[in-house]
Amino acid sequence: MADKQAVAEIVGNLGWAYDENHLDYFAEVFADDGRFTMSIAGQGQVGDFQGKDTIMGLYRGAKEAQANQQRRHVVTNLFFADESDTAVTAISYLTLIVNEGGAMKLTSTGLYTDRFVLVNGAWRLAHRDLKLDAPY
């Protein structure tokens with residue numbers, strides 16, 4: 001069976017890494033041929049990013065655009081599906097809180113569906129799908 005504790009730590013660490021500007025962690029975790037898809041309620045799909053380099057460009061560009069903000073990705077209600085020895089899907093809720101100029105606000109909520117695969121003994125994120133309940 002999948003190492004659920006290791007996968008759960010990765011899911012939590014991804015939020016921390018983005019918030020604390022440790023984007024190299026994403027490069028470590030995403031599979032080389034990884035994929036990131038995102039949709040926003042009322043707007044449909046807004047992105048289908050393929051390949052680690054493309055995904056990293058997206059994250060770095062977003063982080064630059066948010067330079068005046070402190071974001072907190074709160075990830076909860078984590079559970080697992082489609083579990084095998086070499087793959088597992090982690091599903092969790094996102095609550096996104098933003099502090100900008102001392103003003104704190106709940107920016108969005110959403111659902112992560114993360115597909116992990118075991119590559120050379122390490123869990124890699126093959127596909128992250130984010131469904132946001134409101135624009136961020």
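User: Hi! What volume does the largest pocket have?
Analyst: About 310 Å³. A pocket here is an open set of points on a 1 Å grid over the protein atoms alone, where a 1.4 Å probe fits, with protein on both sides within 12 Å along at least five of seven lines. The volume is the space filled by probe spheres set on the points, which are joined across faces, edges and corners. Keep in mind that this is a predicted model, where local features need pLDDT of at least 70 and side-chain atom pairs count only at pLDDT 80 or more, while totals for chains, interfaces and linings use all residues. Residues are numbered from 1 along each chain as its sequence is written, and side-chain values use heavy atoms, with hydrogens and water left out.

User: Thanks! Which residues lie nearest the centre of that pocket?
Analyst: Tyr18, Tyr59, His73, Tyr112 and Leu130, out of 21 lining residues. Lining residues have an atom within 4 Å of a point.

User: And which element gives the largest share of the lining?
Analyst: α1, with four residues. At least two each come from α1 (4-19), β1 (30-40), α3 (52-65), β3 (69-81), β4 (87-100) and β6 (122-132). Helices (H or I, at least four residues) and strands (E, at least two) are DSSP runs, numbered from the N terminus.

User: Switching topic: in what order do the strands sit in the sheet?
Analyst: The order is β2-β1-β6-β5-β4-β3, six strands in an open sheet with mixed pairing. Two strands pair if DSSP finds at least two bridges between them. β2 (44-50) and β3 are at the edges with a single partner strand each, so one side of each has no neighbour in the sheet.

User: How many bridges join β4 to β5?
Analyst: There are 14, and β4 and β5 (residues 103-119) run antiparallel. Glutamate 100 is opposite alanine 103 in β5.

User: Which strands does α1 lie across?
Analyst: β3, β4, β5 and β6, and α1 runs at about 165° to β3. Angles run from 0 to 180 degrees between N-to-C directions, using axes fitted to C-alpha atoms, for helices over the stretch in contact. α3 also packs on the sheet, where it touches β1, β2 and β6.

Key. Contact = heavy atoms within 4.5 Å.
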